[in-house]
Amino acid sequence: MAEPERTERRLRPAPLLFEPSEVATDPEHFFDLESIDDPQELLARATELTLAFRAAQERAVEFQAVAAAQLADPRRFDRLPAAAIAEQAEWTEDYAVKMIEFGETLLRDGHPDGP
């Protein structure tokens with residue numbers, strides 16, 4: 001599971017080229033990498049995808065943290081306890097508490113994904 005840390009360096013994701021659904025159902029097919037014969041080109045494209053997925057994962061974790069903090073906000077009449085957030089997100093309760101704290105930090109620091 002990802003650690004709730006914010007890196008100051010933002011990776012620029014490579015474009016994720018989406019393909020027709022019938023091609024995507026082929027388990028051997030992955031962003032057309034299997035069709036690249038040149039190892040230099042294959043390494044370059046696979047590296048772009050790796051960086052794109054890492055950047056997407058980091059952004060998703062930040063959105064999770066912001067959402068967790070908002071759901072646990074004591075000012076909400078329908079706030080959720082950390083245990084309920086953990087269950088919904090499939091986290092441990094300790095991790096949910098850390099994510100709530102991380103989200104509160106992001107919101108307090110004016111994170112662009114916060115209110």
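A residue is buried when its relative accessible area is under 20%, exposed when it is over 50%, and partly exposed in between, with a 1.4 Å probe and protein chains only. Keep that rule at hand for the exercises below.

The model is predicted, so local features need pLDDT of at least 70 and side-chain atom pairs count only at pLDDT 80 or more, while totals for chains, interfaces and linings use all residues. Residues are numbered from 1 along each chain as its sequence is written, and side-chain values use heavy atoms, with hydrogens and water left out.

**Exercise 1. Describe the overall make-up of the protein chain.**

Step 1: Count the elements. Helices (H or I, at least four residues) and strands (E, at least two) are DSSP runs, numbered from the N terminus. The protein chain has four helices and zero strands, giving the pattern α-α-α-α along the sequence.

Step 2: Check burial. The chain has 115 residues, of which 30% count as buried.

Step 3: Check the surface. Accessible areas come from the Shrake-Rupley method with a 1.4 Å probe, and for residues only the protein chains shown count as cover. The chain exposes about 8200 Å², with carbon and sulfur atoms supplying 54% of that area.

Step 4: Check contacts, meaning heavy atoms within 4.5 Å. Among contacts between residues at least 6 apart in sequence, 61% join residues at least 24 apart.

**Exercise 2. How do α2 and α4 pack, and how do α3 and α4?**

Step 1: Two packed helices are described by the angle between their axes and the distance between the axes. Axes are lines fitted to C-alpha atoms, for helices over the stretch in contact, and angles run from 0 to 180 degrees between N-to-C directions.

Step 2: Name the angle classes. Under 35 degrees counts as roughly parallel, over 145 as roughly antiparallel, 65 to 115 as roughly perpendicular and the rest as oblique.

Step 3: Take α2 (residues 39-72) and α4 (residues 93-108), which pack at about 95° with axes 7 Å apart. They are therefore roughly perpendicular to each other. Residues of α2 including Val61, Ala65 and Ala69 meet residues of α4 including Met99, Phe102 and Leu106.

Step 4: Sort by class: Ala, Val, Leu, Ile, Met, Phe, Trp, Tyr, Cys and Pro are nonpolar, Asp, Glu, Lys and Arg charged, and the others, Gly among them, polar. The contact of α2 with α4 has eleven nonpolar, three polar and two charged residues.

Step 5: Repeat for α3 and α4, whose axes come within 8 Å and cross at roughly 105°. That makes α3 roughly perpendicular to α4. Ala82, Ala83, Ile85 and Ala86 of α3 meet Glu93, Ala96, Val97 and Ile100 of α4. By class, this contact has seven nonpolar, no polar and one charged residues.

**Exercise 3. Describe Arg76 and Pro81 in the loop between α2 and α3.**

Step 1: Start with Arg76. Its relative accessibility is 32%, so Arg76 counts as partly exposed. Not counting residues up to four places away in sequence, Arg76 touches Gln70 and Leu71.

Step 2: Move to Pro81. With a relative accessible area of 51%, Pro81 is exposed. Pro81 and Leu71 are ten residues apart in sequence, and their C-alpha atoms are 8.3 Å apart in space.
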